[in-house]
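This briefing walks through a single protein structure, topic by topic, and is meant to be read with the sequence and the 3D view side by side. Please look for each named part in the view as you come to it.

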Amino acid sequence: IALCGELARSWGVRLSFHPYSAAVLSTPNEDLALRSCHLLQGQAGLLDAMELGPEAVIVLHMGGVYDGMVASLDRFCQRFERLPAAVRTRLALENDDHRYSFAQVRQAHRRVGIPLVFDQLHHQVHNPQRQPLQEALAAALSSWPAGVTPKLHFSTPRTDVRQLEGSGRLKTPTWTEHADFVNPFAFIDLLPLLEGLPDVDIMLEAKARDVALLKLRQDVARFAPEWSARLT
């Protein structure tokens, strides 16, 4: 396991876990909460065994609404604080696309100090407080501990009409669904908003994966060469 961590460091790759619905600290179901805590302890132990730094995090979502957002947020914070310190330092919280907006997950940061992974597409499709993008970016990036590079998720939605497999029905675009590639103009529009903020690692969420990254690098070099040299 330590060799895997050494390999990641030698390539400059930042590793993280995203257990999504497998780890839910806000649930009223005590059995699920216990399983979630055990899973987080196991994943944190694996990152420790790989000897990775504090930038290797486990990204959580708040979970369902259940018996109300206030009660769910309370349970999340209480269970977070009961976790071992070695696990708490590996956790980060992400805003989602239909339940907990960035303004709402920020309440958890204010209560227990958990750093926030800002998801730009989620903020676009679910921002009932109408919090400006740059304001949310600044708040998210400042939520991380000193010396730890914040993390940001970036994606653009699918816009194509597709035929559903096994049927003749057509599927119109779902704006919460990640596209195969990243719209370079939307990405370029983001970059000036990061001026003056802490350096950040931008993780692309695109179905074409590494090919999408390589294509975006080419596109930025073509359409915004003044930014290309500043991106590493």
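**Pockets, sheet and packing**

The largest pocket holds about 1500 Å³ of space, and, of the 38 residues that line this pocket, those closest to its centre are Val200, Asp201, Ile202, Met203 and Thr232. Please keep in mind throughout that this is a predicted model.

**The largest pocket**

- At least two residues of the lining of the largest pocket come from each of helix 1 (2-11), strand 7 (201-204), helix 9 (210-223) and helix 10 (225-228).
- When the lining of the largest pocket is sorted by residue class, 22 residues are nonpolar, 5 are polar and 11 are charged.

**The second largest pocket**

- The volume of the second largest pocket is about 250 Å³, and among the 18 residues that line it, His18, Tyr20, His61, His122 and Glu205 lie nearest its centre.
- The lining of the second largest pocket consists of 4 nonpolar, 8 polar and 6 charged residues.

- An open sheet is formed by 5 strands, which follow the order 1-2-3-4-7 and pair in the parallel sense.
- Strand 1 (58-60) and strand 7 stand at the edges and have a single partner strand each, so one side of each is left without a neighbour in the sheet.
- From one strand to the next, the twist averages 30°.
- Strand 1 pairs with strand 2 (residues 91-94) in the parallel sense over 3 bridges, and within this pair Ile58 stands opposite Leu91 in strand 2.

**Helices on the sheet**

- Helix 2 (residues 30-49) packs on the sheet, where it touches strand 1 and strand 2, and the direction of helix 2 makes about 150° with that of strand 1.
- Helix 7 (residues 133-141) lies across strand 3 (116-119) and strand 4 (151-154), and it runs at about 155° to strand 3.

**Helix against helix**

- Helix 3 (residues 69-82) and helix 5 (residues 102-112) pack at an angle of about 40°, with 10 Å between their axes, and the crossing of these two helices is right-handed.
- On the helix 3 side, the residues in contact are Met69, Leu73, Asp74, Phe76, Cys77, Phe80 and Glu81, and they meet Gln104, Gln107, Ala108, Arg111 and Val112 in helix 5.
- Sorted by class, the contact of helix 3 with helix 5 has 7 nonpolar, 2 polar and 3 charged residues.

Key: Residues are numbered from 1 along each chain as its sequence is written. This is a predicted model: local features need pLDDT of at least 70, side-chain atom pairs count only at pLDDT 80 or more; totals for chains, interfaces and linings use all residues. Side-chain values use heavy atoms; hydrogens and water are left out. On a 1 Å grid over the protein atoms alone, a cavity is a set of points where a 1.4 Å probe fits but cannot get out, and a pocket is an open set with protein on both sides within 12 Å along at least five of seven lines; lining residues have an atom within 4 Å of a point. Grid points are joined across faces, edges and corners, and a volume is the space filled by probe spheres set on the points. Helices (H or I, at least four residues) and strands (E, at least two) are DSSP runs, numbered from the N terminus. Ala, Val, Leu, Ile, Met, Phe, Trp, Tyr, Cys and Pro count as nonpolar, Asp, Glu, Lys and Arg as charged, and the others, Gly among them, as polar. Axes are lines fitted to C-alpha atoms, for helices over the stretch in contact, and angles run from 0 to 180 degrees between N-to-C directions. A crossing is left-handed if the near helix is turned anticlockwise from the far one by less than a right angle, and right-handed if clockwise. Contact means heavy atoms within 4.5 Å. Two strands pair if DSSP finds at least two bridges between them.
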